[in-house]
Amino acid sequence: MRAFLSRWRTELLVFALVLVATAPTVQLLMAHQASRLALTAAMWDDGTVQIDEYGPGLLLGLGPRDSGGILSVDYAEREGHLYSDKAPGQPLLAAPFYGLARLAGAEPGVEERYFDNYTLWWTSLWSAAIPAAVLAVMMRRFALKVTGDPRAATVAAVGMSLSTLLLPFATVLFSHVLAAALGYAAYLAARDPDAPTLRLAAAGLLGGMAVVSEYTTGIIVVVVGVLVLVRHKAGAVAYVAGGLPALAVLTVYNAITWGDPLEFSYSNSGSFQQFHEQGLFGIRVPDPGLTVQVLMGERGLLTLTPVVLVGVIGLVMLARQRRTREVAVVGLVVFAAFVAVQGGWFSVTAGAAPGPRYVVPALPFVAVGVARAWRWSRVAVIGSIVIGAVAMFASIATNPLAQPTETFAAGHWLWRIAEGRFGQNL
């Protein structure tokens with residue numbers, strides 16, 4: 001035990017720190033979370049993927065607030081029944097934990113409890129907060145492996161976890177942090193040139209689970225697949241084979257829900273159908289103006305969370321060294337691809353969010369750049385972390401899911417703090 005604690009002491013402390021920062025928050029039950037909680041509850045409580053019980057007014061052409069039910073948007077309709085329009089991975093993985101809570105006497109997900117909803121909190125804990133803590137450990141271990149600097153690695157992991165969008169999305173029932181952890185784990189499992197076949201298969205499984213949780217993480221799966229093909233050649237077969245179980249789960253879910261294994265939720269979404277029909281499930285060619293807003297708008301990555309810029313600069317520095325070039329190229333490609341996805345969406349924040357949320361799965365790949373930047377300028381690293389931490393902690397202390405109509409989200413959060421309008425917590 002002493003040997004284990006000596007080796008993993010810092011990782012255990014980082015894990016605990018991120019969990020202490022995120023786990024006590026009890027967020028409001030809002031639209032996106034309601035859709036996910038409804039699917040998990042329907043699968044466990046009713047043995048179905050239909051969520052009619054959670055928004056019956058929609059079937060009658062009435063508003064759900066007029067007729068009961070937790071759904072308002074983020075739903076899909078087919079043949080007179082309601083379904084969640086979210087990828088099924090997170091709701092499916094959360095079902096056992098939801099079941100434990102129900103066995104212990106927790107309220108069912110169908111209850112219209114928008115405040116102090118501890119069923120929502122418990123589900124979010126296992127779907128977002130704990131994955132965020134695990135992700136922090138992975139970022140720290142990999143940064144240490146690349147830079148060899150324990151302090152830089154710790155600062156990078158803690159900074160990315162607590163001063164970027166990883167923090168607020170670790171407190172709400174979204175799939176971004178879970179998908180980020182799975183996608184990053186897939187990369188770490190596959191990148192070693194001496195990785196055995198079983199590990200490559202595990203990387204494929206992790207990548208497949210990431211895609212089933214968040215479709216856009218297919219970007220990471222493709223990038224890792226190219227890396228595996230270049231480094232392992234025949235090992236690419238194991239990588240693809242590892243992802244087949246996740247693919248099977250998705251196709252079975254699509255067949256049950258939409259009547260076609262190749263049909264996806266966004267093709268049937270009743271709430272934002274007009275947007276999802278554009279491009280590939282709503283993703284179009286990146287718009288230059290929107291892309292600038294993604295990076296430097298009032299909720300831009302570089303505006304509210306400047307440690308991301310520091311990390312990108314660090315990745316460029318790593319790219320100049322032959323030993324770390326692959327790490328840097330993978331990080332820059334993944335980051336640029338996710339920024340392009342958000343820049344091609346119809347909304348900079350993709351709805352009520354503290355920032356461009358579709359970029360969240362790319363953020364772990366920037367952490368190693370922050371560790372490298374520590375040698376370049378500790379002032380820049382610490383200063384950027386402090387700025388981001390103020391904004392992100394202000395968001396989770398009030399309500400991170402600020403509406404897109406708020407023209408200055410940071411001011412909205414700080415004003416709520418000044419008025420004493422804090423969110424709920426344990």
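**Close-up views of a predicted model**

Leu5 comes out at 40% relative accessibility, so it counts as partly exposed (that label covers the range between buried, under 20% relative accessible area, and exposed, over 50%, with a 1.4 Å probe and protein chains only). This is a predicted model, where local features need pLDDT of at least 70 and side-chain atom pairs count only at pLDDT 80 or more, while totals for chains, interfaces and linings use all residues. Residues are numbered from 1 along each chain as its sequence is written, and side-chain values use heavy atoms, with hydrogens and water left out.

**View 1. A nonpolar patch around Leu5.** Leu5 sits in helix H1 (residues 2-22); helices here are DSSP runs of H or I, at least four residues, and strands are runs of E, at least two, numbered from the N terminus. Together with Met1, Phe4 and Leu12, Leu5 makes a surface patch with about 430 Å² of accessible area. Patch members have over 30% relative accessible area and no salt bridge, with nonpolar side chains (Val, Leu, Ile, Met, Phe, Trp, Tyr) joined within 5 Å and like charges within 9 Å. The areas come from the Shrake-Rupley method with a 1.4 Å probe, and for residues only the protein chains shown count as cover.

**View 2. Asp45 meets Arg102.** Their side chains form a salt bridge at 3.3 Å, N to O (the cut-off: a side-chain nitrogen of Lys or Arg within 4 Å of a carboxyl oxygen of Asp or Glu). Asp45 belongs to helix H2 (residues 31-46) and Arg102 to helix H5 (residues 89-103), so the pair ties together parts 57 residues apart in sequence. Asp45 is partly exposed at 30%, and so is Arg102 at 27%.

**View 3. Glu107 with Arg113.** Here the closest N and O atoms of the salt bridge are 2.7 Å apart. Relative accessibility is 28% for Glu107, which is partly exposed, and 34% for Arg113, also partly exposed.

**View 4. The nonpolar core at Phe335.** Tyr187 and Phe335 touch the most other members of the largest nonpolar core, which has 87 residues. A core is a set of buried Ala, Val, Leu, Ile, Met, Phe, Trp, Tyr and Cys residues joined through side-chain atoms within 4.5 Å. Helix H6 (residues 118-147) gives the most to this core, 9 residues. Leaving out residues up to four places away in sequence, Phe335 touches Leu295, Leu301, Val308, Val312, Val359, Ala362 and Val366, where contact means heavy atoms within 4.5 Å. There's also a second, separate core of 15 residues, including Ala34, Ala38, Tyr54 and Leu120.
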